Each structure stands twice: as C-alpha cells, then as structure tokens.
Amino acid sequence: MVRALFFCFFAVISAGSMSFAGAWPREQGQVFLSVTAVQDTDSLQDYPRGMAYVEYGLRHNITLAGKITYDFAMLELTEYALSARWHFPENDQPLRKALSLTLAGPEDDLRIEPAVHLGRGFDTAFGSGWADLELFASVSTDGRPTDYGGYGVLGVKPHDRLMAMLGVDVMVTPDETVVKAIPSVAWELREHRHLTAQYTKGLHGNNESELGLGLWLQF
C-alpha cells in the first residue's frame with residue numbers, strides 16, 4: 001500500500017526524460033520544471049524512483065539545467081546533474097545547434113560530459129514535428145574509462161493539446177552497449193501544464209522495462 005501511494009503521488013506531479021529543450025533555447029527568464037515517477041514494470045513490488053528536472057533561460061542563447069534522482073527504496077539522492085548549454089545563432093537556418101557541458105554524479109563517480117545538440121522542425125501530414133539529437137562523451141574525473149552516448153527523439157503534434165514522441169537512448173561503455181526505446185505522449189491540461197506518460201524498453205544490453213508518469217510546468 002505504501003509503495004502504491006508513493007507511485008500515485010509522483011504520477012500526479014511528475015514528468016519524463018524527453019522534456020529537455022535540447023537544441024532549442026529556453027526564452028530568457030523562462031523556467032521549465034518537470035517531475036517524474038518511474039516504476040520498474042518487472043518489479044512492481046519495488047519502490048519507484050522520483051526525478052526532478054529544471055531548465056532556466058539565463059540569456060537568449062544560454063540555458064541552464066539541473067536534474068536529481070531520488071531512490072525511495074534507499075531514501076536518498078542517487079544521481080544529479082548540472083549543465084550549461086550555449087545555442088548557436090539561428091541565422092534563419094532550419095538546423096538548430098547547441099553545445100553543452102554537464103557535471104554529473106553520483107559523488108563516487110563524478111563525470112564531465114561535453115555534448116553537441118542538433119535539432120530541426122518540420123511539417124507532416126499529422127501536424128508539426130521536430131527532431132532532436134544529443135551526442136556526448138562521459139569523462140570520469142578519477143581516471144575510469146570514458147563512456148559515449150546519444151539520445152534522439154522524433155516528435156509530432158497531431159492535435160493542439162497532444163504531443164507524441166519516440167526517443168532512442170544509446171550508451172556505449174567498454175563493457176557493453178545499451179539501447180533503449182522510449183515512446184511517450186504529453187497532453188496539455190491547460191496553458192504551460194502538460195500531463196505526460198512514457199514507457200522505456202531495453203532493446204539491447206538489457207531487457208528492462210519502465211513506466212513513467214509526470215507533469216511539465218512552465219513559468
């Protein structure tokens with residue numbers, strides 16, 4: 001019962017990993033917040049993880065971001081990340097570009113992650129769409145091997161209040177390559193408020209599956 005209450009609570013106030021702006025900057029002074037609950041669907045008896053993510057438009061071309069992950073089984077923060085993203089001038093070009101630098105933990109494996117972001121909007125028969133790609137290296141500060149990863153998402157807006165997205169997450173380490181598919185939807189409850197649902201399925205390297213429910217808020 002307690003586990004179910006934890007999950008329901010975060011389902012009401014939560015959001016997903018595809019909420020970041022990527023190659024597109026936040027408007028100066030704008031704040032975006034997402035909170036999410038993620039439950040392992042193969043172990044429903046376990047406690048969920050809670051995640052919070054925030055972005056802030058510091059300038060027209062600089063976006064700051066932070067993320068924390070809380071494990072309700074251990075009752076502690078298990079991961080965090082702080083990042084700054086610099087966006088190239090638009091210059092009337094369809095391809096949006098940005099560079100970012102992230103400091104990510106946990107404390108016993110602190111990493112620096114430089115990344116490049118590419119994005120482009122387009123029109124489809126189902127409505128406006130967009131594509132976003134992030135490629136990064138995860139460099140250990142204590143001499144451990146460097147990992148490499150990428151995250152891409154295709155999105156479409158078939159209705160004024162509905163967004164549908166498909167993400168692919170790839171992580172390459174010296175020991176293995178992990179590939180995950182992440183379909184998700186976001187429904188606009190009212191202006192600047194979206195309810196979200198996403199499903200994560202391991203395609204290669206693991207077969208884990210997770211369900212996430214959440215909320216996006218913009219101020």
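Trainee: What is the bridge partner of Arg-120 in S7?

Mentor: Ala-131 in S7 is the bridge partner of Arg-120. Strands here are DSSP runs (E, at least two residues), numbered from the N terminus. Two strands pair if DSSP finds at least two bridges between them. This is a predicted model: local features need pLDDT of at least 70, side-chain atom pairs count only at pLDDT 80 or more, and totals for chains, interfaces and linings use all residues. Residues are numbered from 1 along each chain as its sequence is written, and side-chain values use heavy atoms, without hydrogens or water.

Trainee: How many bridges join S6 to S7?

Mentor: There are 12 bridges between S6 and strand S7 (residues 127-140), and the two run antiparallel. His-117 stands opposite Glu-134 in S7. The link from S6 to S7 is a hairpin through 2 residues.

Trainee: Now the other side of S6. In which sense do S5 and S6 pair?

Mentor: Antiparallel, over 10 bridges. S5 covers residues 95-105 and S6 residues 111-124. Leu-99 faces Val-116 in S6. S5 and S6 also form a hairpin, with 5 residues between them.

Trainee: What do the strands close into?

Mentor: A barrel of 12 strands, in the order S1-S2-S3-S4-S5-S6-S7-S8-S9-S10-S11-S12, with antiparallel pairing. Neighbouring strands of this sheet are turned by 20° against each other on average, direction ignored. Such angles use axes fitted as lines to C-alpha atoms, for helices over the stretch in contact, and run from 0 to 180 degrees between N-to-C directions.

Trainee: Next, backbone angles. What is phi of Asn-91 near?

Mentor: Near 55°, a positive value in a residue other than glycine. Asn-91 lies in the loop between strand S4 (76-87) and S5.

Trainee: Why does Asn-91 count as exposed?

Mentor: Because its relative accessibility is 56%. The scale is this: buried is under 20% relative accessible area, exposed over 50%, partly exposed in between (1.4 Å probe, protein chains only).

Trainee: Where does His-192 lie?

Mentor: In the loop between strand S10 (177-190) and strand S11 (193-204). Phi of His-192 is near 70°, again positive in a residue other than glycine. His-192 is partly exposed, at a relative accessible area of 34%.

Key. Helix = DSSP H or I, 4+ residues; strand = E, 2+ residues; numbered from the N terminus.
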